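The questions below concern the ligand site and the pockets of one model. Each answer ends on the item asked for.

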Amino acid sequence: MKIELAPSILSSNFAQLGHDAQQAIEGGGTVLHVDVMDGHFVPNITLGPPVVKSLRKVVQVPLDCHLMIENPDLLIPDFAAAGADWISVHQEACIHLDRTLHLISSHGCKPGVVINPATPVEMLTEVLDLVHHVLVMSVNPGFGGQKFIPNALNKIAALARMRVERKLEFRIEVDGGIDLTTAGDVVKAGAELLVAGNAVFGHGDIRTNAKQLLEAARAATFARA
Ligand code: DX5
Ligand code: ZN
């Protein structure tokens, strides 16, 4: 599996979003992670389809829209029309998760499912064959810059085992508290898509930060092999 970095624009300077996103891509980011929050499912508000539409015009990499919203079915068509490539929804927010994942596919996007730190991976057994990626939250969603919750490593490893046992191909993504000290651990556990906000945009040079993080993650690939 290819290790990829998905810089999370949540921690970028929104007044120069296009510029910051470009820098993160130049540093090695191959997917752009877009955190959508509605002030209900999580206690914060971020952005919606118009921002995705603007971003779509200035970057070529896949836009990975992580919906931290209630009733995502209502907005999935708008995010797809705005140019989202991947759309993930929280298991905890979807009463009819199977239907929601099919809705995402029907709009031409890759469907993903997300679980909060308190949600066991077993909640996903019936949908693993429907998803392009499973996103394991390693912080409680809502804010950037939080501390990594180590139990995420067990959940990533369990998903990696389930993927082998069931001969599936979903990708394993991890989100929250990924930095130079945790990147290697999540890769060794089995994650291959690393979301990082604060570690990329929070300080210093965006390109250098992204490059170093990706190097740390890819170095751990060898340890796993
Ligand atoms: C948190 C978001 C994350 C956030 C991660 O609710 O889903 O994508 O940007 O930020 P860091 O990498 O700073 O923990
Ligand atoms: Zn996210």
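Q: Which elements each supply at least two residues of the lining of the largest pocket?
A: This is a predicted model, where local features need pLDDT of at least 70, side-chain atom pairs count only at pLDDT 80 or more, and totals for chains, interfaces and linings use all residues. Residues are numbered from 1 along each chain as written, chains are lettered from A and ligands numbered from 1 in the order written, and side-chain values use heavy atoms, without hydrogens and water. A pocket is an open set of points on a 1 Å grid over the protein atoms alone, where a 1.4 Å probe fits, with protein on both sides within 12 Å along at least five of seven lines; lining residues have an atom within 4 Å of a point. With helices (DSSP H or I, at least four residues) and strands (E, at least two) numbered from the N terminus, the elements are β2, β3, β8, α7 (198-201) and α8 (206-224).

Q: Which element gives the largest share of the lining of the largest pocket?
A: The pocket has a volume of about 400 Å³, taken as the space filled by probe spheres set on grid points joined across faces, edges and corners. Of its 32 lining residues, those closest to the centre include Gly145, Gly197 and Asn198. The largest share, 3 residues, comes from α8.

Q: Which element gives the most to the shell around ligand 1?
A: The shell holds 20 residues, each with a heavy atom within 4 Å of the ligand. Elements that give two or more residues are β2 (32-37), β3 (63-68) and β8 (193-196). The most, 3 residues, comes from β2.

Q: How many charged residues are in the lining of the second largest pocket?
A: This pocket holds about 170 Å³ of space. Its lining includes Glu70, Asp73 and Arg99. By class (Asp, Glu, Lys and Arg count as charged), the lining has 4 nonpolar and 3 polar residues, and the charged ones number 3.
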